[in-house]
Amino acid sequence: MSAKIVHIALVGAGFMGENHLRNLISLPDVEVIGIFDSDFAKSKSLAEKYQVPLAKKLPDLMKAADAAVICVPTMAHYAVAVEAIQQRCHVFVEKPFTHRLEEAQSLCQMASHYGVHIQVGHVERFHPVIQTLLQSVRYEQLVMGEFYRYVPLKKRIDADVCLTLMVHDLDHVLHIADRMKVSPTDLSATGQVVHPQEMNQGKVDNAQVHLSFTSSFHVTIHAVRAGSLRKREIILTETDRTWVADLLNHRLDLYTRSHRFSDSIQCRTVLTPTSSPLLEEIKHFIQTVQTDRPPAVSQMDGFRVMKLVEQIQSEMGKRSEPK
């Protein structure tokens with residue numbers, strides 16, 4: 001029996017919109033029934049390039065769709081998602097889930113009321129290095145996590161580094177904590193505004209966060225969009241082993257010692273599958289629509305990340321207040 005054809009509305013004709021479109025049209029059980037963007041010229045150009053229909057009115061597009069893929073600027077996530085949910089469309093929305101916590105909470109309530117699923121675009125959940133790491137680590141011996149994300153800012157942006165970069169790592173941290181069956185207890189955070197106002201609207205560019213949990217597990221997170229270094233690295237330390245995941249270079253290394261008092265350290269590169277995280281992510285969303293099963297990265301995952309973002313932003317705000 002062939003799989004149900006899923007009719008997709010694509011909202012947003014920018015960089016991520018095109019990336020998702022390229023993957024969507026490669027799937028045999030997907031039909032992109034229209035592209036909409038508030039910039040009509042952009043959506044027209046993309047529709048012509050990929051030979052898919054152009055939508056002129058968002059409400060009409062949503063009425064005809066089974067699901068919506070939303071790739072608009074963060075400030076517009078909420079309004080577009082509301083339009084989709086009210087038409088009982090399942091929703092894929094790029095990260096961050098929303099711009100504000102109360103928007104995330106409202107979408108969670110609406111999804112429950114209308115009986116639809118929301119998948120949040122924390123694409124690294126589908127990265128083969130991350131998946132191999134989380135399948136291999138010994139959670140009962142995990143004592144420390146370090147997360148480094150350095151992406152130099154190269155365009156004007158209207159959100160701080162917590163929303164643009166750190167959300168990936170916050171999602172990883174909460175996912176790991178769930179597997180360990182622990183919860184955050186204490187949080188400290190500092191932030192810096194580095195770039196000029198016309199680049200970042202005065203938003204924080206660099207942030208450091210420390211989290212402790214209801215166990216001996218501690219986490220530090222660095223998110224940096226100043227400077228000129230590109231880096232996406234996760235270090236997970238067990239009592240006697242260390243995992244180093246280099247996401248940019250698709251590499252996972254395991255460091256071990258023969259015993260605790262040994263000076264000899266062995267490093268082994270762990271083989272990981274080769275796959276496209278973005279393609280696997282969108283395939284998972286299509287399966288969610290077809291099976292009516294909750295996605296791996298649900299609206300509640302997005303809400304929890306947004307709640308943590310708000311706590312971090314509040315803590316950074318306290319530290320920047322004059323004394």
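Mentor: Let us begin with the secondary structure, bearing in mind that this is a predicted model. The protein comprises 10 helices and 13 strands.

Trainee: What does the globule rule give for 323 residues, and what is the radius of gyration of the protein?

Mentor: For 323 residues the globule rule gives 20 Å. The protein comes close to that value, so it is as compact as a globular protein of that length. Its radius of gyration is 21 Å.

Trainee: Among contacts between residues at least 6 apart in sequence, what percentage join residues at least 24 apart?

Mentor: A contact here requires heavy atoms within 4.5 Å. Among the contacts between residues at least 6 apart in sequence, the share that joins residues at least 24 apart is 68%.

Trainee: What percentage of the residues in the protein are buried?

Mentor: The cut-off for a buried residue is under 20% relative accessible area. Of the 323 residues in the protein, the buried share is 53%.

Trainee: How many disulfides does a search of the whole structure find?

Mentor: A disulfide requires two cysteine sulfur atoms within 2.5 Å. For Cys 89, the closest cysteine sulfur belongs to Cys 71 and is 15 Å away, which is too far for a bond. Over the whole structure, the number of disulfides found is 0.

Trainee: Is Cys 89 buried or exposed? And how does Cys 267 count?

Mentor: Cys 89 has 0% relative accessibility and therefore counts as buried. Cys 267, by contrast, has a relative accessibility of 43%.

Trainee: In which helix is His 77 found, and is His 77 buried or exposed?

Mentor: His 77 is found in helix H4, which covers residues 77–86. Leaving out residues up to four places away in sequence, His 77 touches several residues, including Ile 70, Val 72, Val 93 and Phe 97. Its relative accessibility is 1%, so His 77 counts as buried.

Trainee: In which strand does Glu 233 lie, and which residues is it in contact with beyond four places in sequence?

Mentor: Glu 233 lies in strand S10, residues 231–238. At 18% relative accessibility, Glu 233 counts as buried, because the cut-off is under 20%. Setting aside its neighbours within four places in sequence, Glu 233 is in contact with Glu 146, Phe 147, Tyr 148, Val 244 and Ala 245.

Methods. Residues are numbered from 1 along each chain as its sequence is written. This is a predicted model: local features need pLDDT of at least 70, side-chain atom pairs count only at pLDDT 80 or more; totals for chains, interfaces and linings use all residues. Side-chain values use heavy atoms; hydrogens and water are left out. Helices (H or I, at least four residues) and strands (E, at least two) are DSSP runs, numbered from the N terminus. The radius of gyration is taken over C-alpha atoms; the globule rule is 2.2 Å times the number of residues to the power 0.38. Buried means under 20% relative accessible area, exposed over 50%, partly exposed in between (1.4 Å probe, protein chains only).
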